Amino acid sequence: MTIKDRISDKFKELFPGTGAFYMSAGRINLIGEHTDYNGGFVFPGAIDKGIWVEMKPNGGKNVRVYALDLGEYAEFGMNEEDIPAQSWARYVFGVCREIIKRGYDFGGFDAVFAGDVPLGAGLSSSAALESAFAFGIDDMYSLGIPKFDLALVGQATEHNYCGVNCGIMDQFASIFGKSGNLMRLDCMTLEYEYYPFSPEGYRLVLLDSVVKHELVGSPYNKRRESCERVAARLGRRFLRGASMEQLDAIRHEVSEEDYKRAKYVIGEEKRVLAVCDALKCGDYETVGRMMYETHRGMRDDYEVSCEELDCLNDLAAECGVTGSRIMGGGFGGCTINLVRDELYDDFTGRAVAAFAARYGHAPKIYDVVISDGARRLD
Ligand code: GLA
C-alpha cells in the first residue's frame, strides 16, 4: 500500500469527506554546511523522500491532526496559548501561528500525515513537515503567500516553537526543489539559481549511520552563537565575506573555540565557490576533494561529527570514493558520497560490512534521487 493510500484510509476513518493531498520533500546538500545562518551559500536539492498530508477545512476554528507513523492524534486551537504538548504537533501549530502572524486569516482543518524521510537522519524531516503544512494551508485557503515566505514560515516555526535557531536551507530546499536540479542559494540576498545535476559516470549515495541526529537541545545553537560572536567582533553582520587574515587579526580577542568555528565557516565559503566553478566544467574530482575537506573541517574545527560518521568517511576514502562528508547539521545522521559508477557496489558492500562489524548494526543506504519540492498531488 502506498503512503498516500494509507493516509487516505485513515482520513476516511477519522474525518468526514476527503481532502486535498500535498507532499513536501526532504533534502540533501552537496556542500555549504553551517553557512546558511552565516549569510553564505548552500547547495541543496530536494529528494524523493518526504512528508505527505491530506487536509481539509473543517468549518471550525481548531486543527485536528493525526500523525499516522506515530499513531498519535492532537487537537488544538490556533491562539498562542493553545500550544500542544506533543513535540510533533508543535511543528504544525507553529506553522499555523507563523502564517497568522504574517496577517493571513484561515479556519480550522483536519489532516492526516505520514512520511518516508527517515527521522533524525539529517535529511530535514522537520522542514518537510513544516513545508507540507505551510504549502497545504496556503493552497487550501487560497492565501496567496509568496513562495519564499512559506520557507520563512517553516524556519520561524523552528525558532519560535521548536527551539532550533536554524538557517533557511532546509525549508528553502523543501519548498523550491526541482527534479534533476541542485540549487545554489545565497543566504544573504536570498537569490538562487538552479544547477542541473546529473554527473555522468557518478552517483550520489547517502550512508546513514543510524546515529540519531537531533538538533533540538543539541550544540547546534551554540555553534551559531560562536559564529555570531566572532562576526560581531569583526564588526560584521555575518561571517560571510570575512577573510582568514581578518580572523587571525582578532584571534586573541575571541576564545579558541570560537576561532575554530569561524575558521571552518570561512573555509567552507571558499569551498562552495570552488565547487560551483568545478561543476561548471564537470570537474567532479575537485568537487569530491572539497567534500573531504568539508568533512575534516566539520570534524576538527566545527566539531559536529561523531565516531560513526568519521568511520564512514574513512571507509569512503579507503575505497577510493571521489567525495564524502558528513551532511546536514551533524551530531549523527548521514554521509553524502560522490561515487564513480564502477565503485558503487564495492564501496557500499565493503562499507556496510566493515561498519556492521565495528558497531553491530549496518548503515542504511539511500540512493539520491533529486526531485521536486512542495506540491499539490492530484
Ligand atoms: C540543519 C539546519 C540548516 C543548516 C544545516 C547545516 O540542517 O536546519 O539550517 O544550518 O543544519 O548546514
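Predicted model: local features only at pLDDT ≥ 70, side-chain atom pairs only at ≥ 80, totals over all residues.

Biologist: Which side chain has an N or O atom 2.6 Å from an oxygen atom of the ligand?

Modeller: Among the 13 residues around the ligand, E33, H34, D36, D170 and Y220 come nearest. The side chain of D170 puts an N or O atom 2.7 Å from a ligand oxygen. The 2.6 Å side-chain pair belongs to Y220.

Biologist: How much of the ligand does the protein bury?

Modeller: Start from the ligand taken alone, which exposes 310 Å². Of that area, the protein buries 97%.

**Helix α6**

Biologist: What is the distance between the end C-alpha atoms of α6, and what should the helix span?

Modeller: Helix α6 covers residues 220-233, so that's 14 residues. At 1.5 Å a residue, α6 should span 20 Å. The end C-alpha atoms agree with that, being apart by 20 Å.

Biologist: Which helices do the buried residues of α6 pack against?

Modeller: The buried set in α6 is Y220, N221, R223, R224, S226, C227, V230 and A231. Y220 is also one of the residues that come nearest to the ligand. As for packing partners, the buried residues of α6 go against α4 (147-162), α7 (244-249) and α8 (256-280).

Biologist: And which residue just after α6 takes a positive phi?

Modeller: Look just past the end of α6 for a phi of about 70°. The residue there is G235.

**A serine in α5**

Biologist: Is S174 buried or exposed, and what is its relative accessibility?

Modeller: S174 sits in helix α5 (residues 169-176). Leaving aside neighbours within four places in sequence, S174 touches S24, A25, A127, A128, S131, G373 and A374. Buried means under 20%, so S174 counts as buried, with a relative accessibility of 0%.

Biologist: Which side chain makes a 2.8 Å polar contact with the side chain of S174?

Modeller: The S174 side chain has a polar contact of 3.3 Å with the side chain of S131. The 2.8 Å one is with S24.

**Cysteines**

Biologist: How many disulfides does the structure hold?

Modeller: For C162, the nearest cysteine sulfur is that of C166, 8.9 Å away, and the cut-off is 2.5 Å, so C162 is in no disulfide. C319 is in none either, with the sulfur of C311 nearest at 11 Å. Across the structure, the count is zero.

Note on methods:
Residues numbered from 1 in each chain as written. Heavy atoms only, no water. Helix = DSSP H or I, 4+ residues; strand = E, 2+ residues; numbered from the N terminus. Expected span 1.5 Å × (residues − 1). Buried < 20%, exposed > 50% of the residue type's maximum accessible area, 1.4 Å probe, protein only. Contact = heavy atoms within 4.5 Å. Near = heavy atom within 4 Å. Polar contact = N/O pair within 3.5 Å; in protein donor to acceptor, adjacent residues only side chain to side chain. Areas by Shrake-Rupley, 256 points an atom, 1.4 Å probe, with all protein chains shown as cover.
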